[in-house]
Amino acid sequence: MLSKEMVPFYESLVWIIFWCTIIILFRKSFLSIIEALKKRIVAGASFSLGPVSIGEPPHQLNEEGPNAVLVSDKGELPTLPAKNLSEQLNEKYNAYKTQYFVLHASEIVTKRTVPRSGRYRVRIWLESYTDERLDKIEKVTYRLWDDFFHPIISTKSSKSNFDVWLSVYGEFPVLVLIETKDGDPIWLSSYLDLPGRPPD
């Protein structure tokens, strides 16, 4: 047990015990550091750990002020499409502006510590670029994730922008069916992203 061959093993064991003790004694500080790093990354700060790397916004974005458009490729200018493609994109965009949009807002009720432990309060609702279009809606039906007691739920409440409230612990896609008073049904979809982007 005390032979020279066992010395590296004992050294490794001492280091493991040392670092475990440090982590246990200062675990609250470590959690605060991890939370601060998470906030910085979500805010757009660059981050690298081994092969994993997350970039940051181009510096020119702040320098050029409002209405600046840049890509993440070292701050180079975006590539402009050919004229016929630009015309097609403009046409589609103008039609898109007259449609309905699925929006959501969320807040943390209970912070996530282990998988499925976090709780988030979420509101999903409809909007339009022109408010008058909401008056043309008869009913809105939401198809939510399978875990809900009622994954399919409808509302006719135009005063609340046809909203639905959820208590959730993770992210998922949402499918929306809009039934109008004078037209064909409209299908929309959205992805429900949450603060901190919980993976479960």
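Contact here means heavy atoms within 4.5 Å. The model is a predicted one.

Q: Which residues does Thr 141 touch, leaving out those up to four places away in sequence?
A: With those sequence neighbours set aside, Thr 141 touches Ile 152, Ile 153, Ser 154, Leu 175, Val 176, Leu 177 and Glu 179. Thr 141 itself is found in strand E5, residues 137-143.

Q: Why is Thr 141 called buried?
A: Buried means under 20% relative accessible area. Thr 141 has 14% relative accessibility, so the residue counts as buried.

Q: What makes the pair of Thr 141 and Ser 154 a polar contact?
A: The cut-off for N or O atoms is 3.5 Å. The side chains of Thr 141 and Ser 154 make their polar contact at 2.7 Å.

Q: Which residue in E8 is the bridge partner of Thr 141?
A: That partner is Leu 177. E5 and E8 run antiparallel and are joined by six bridges.

Q: What makes E5 and E8 a pair of strands?
A: Two strands pair if there are at least two bridges between them. Six bridges join E5 to E8, and the two run antiparallel.

Q: What is the strand order of the open sheet of four strands?
A: The order is E6-E5-E8-E9, with antiparallel pairing. E6 and E9 are called edge strands, as each pairs on one side only. From one strand to the next, the twist averages 20 degrees.

Q: How do E8 and E9 pair, and over how many bridges?
A: E8 and strand E9 (residues 186-192) pair in the antiparallel sense over seven bridges. Pro 173 stands opposite Tyr 191 in E9, and a hairpin of five residues joins E8 to E9.

Q: How many aromatic pairs does a search of the whole structure find?
A: The search finds three aromatic pairs. One of them is Trp 15 with Phe 18: the ring centres are 5.7 Å apart and the planes stand at 90 degrees, so this pair is edge-to-face. The cut-offs here are centres within 6.5 Å and planes over 60 degrees apart.

Q: Why are Trp 15 and Phe 18 separated by about one helical turn?
A: Because they are three residues apart in helix H1 (residues 7-25). Trp 15 counts as exposed at 53% relative accessibility, where the label needs over 50%. Phe 18, with a relative accessible area of 38%, is partly exposed.

Q: Why is the pair of Phe 148 and Phe 172 called edge-to-face?
A: Their ring centres lie 5.5 Å apart and their planes are at 65 degrees, so the pair is edge-to-face. This pair links distant parts of the chain, 24 residues apart: Phe 148 is in the loop between E5 and strand E6 (152-155), and Phe 172 is in strand E8 (residues 172-180).

Q: Where does the charged end of Arg 123 sit?
A: The charged end of Arg 123 sits over the ring of Trp 125, 4.5 Å from the ring centre; the distance cut-off is 6 Å. Arg 133 lies over the face of Tyr 100, also at 4.5 Å from the ring centre.

Technical notes: Residues numbered from 1 in each chain as written. Predicted model: local features only at pLDDT ≥ 70, side-chain atom pairs only at ≥ 80, totals over all residues. Heavy atoms only, no water. Buried < 20%, exposed > 50% of the residue type's maximum accessible area, 1.4 Å probe, protein only. Polar contact = N/O pair within 3.5 Å; in protein donor to acceptor, adjacent residues only side chain to side chain. Phe/Tyr/Trp six-rings, centres within 6.5 Å; stacked < 30°, edge-to-face > 60°. Lys NZ or Arg CZ within 6 Å of the ring centre and 35° of its normal. Axes fitted to C-alpha atoms, helices over the stretch in contact; angles between N-to-C directions.
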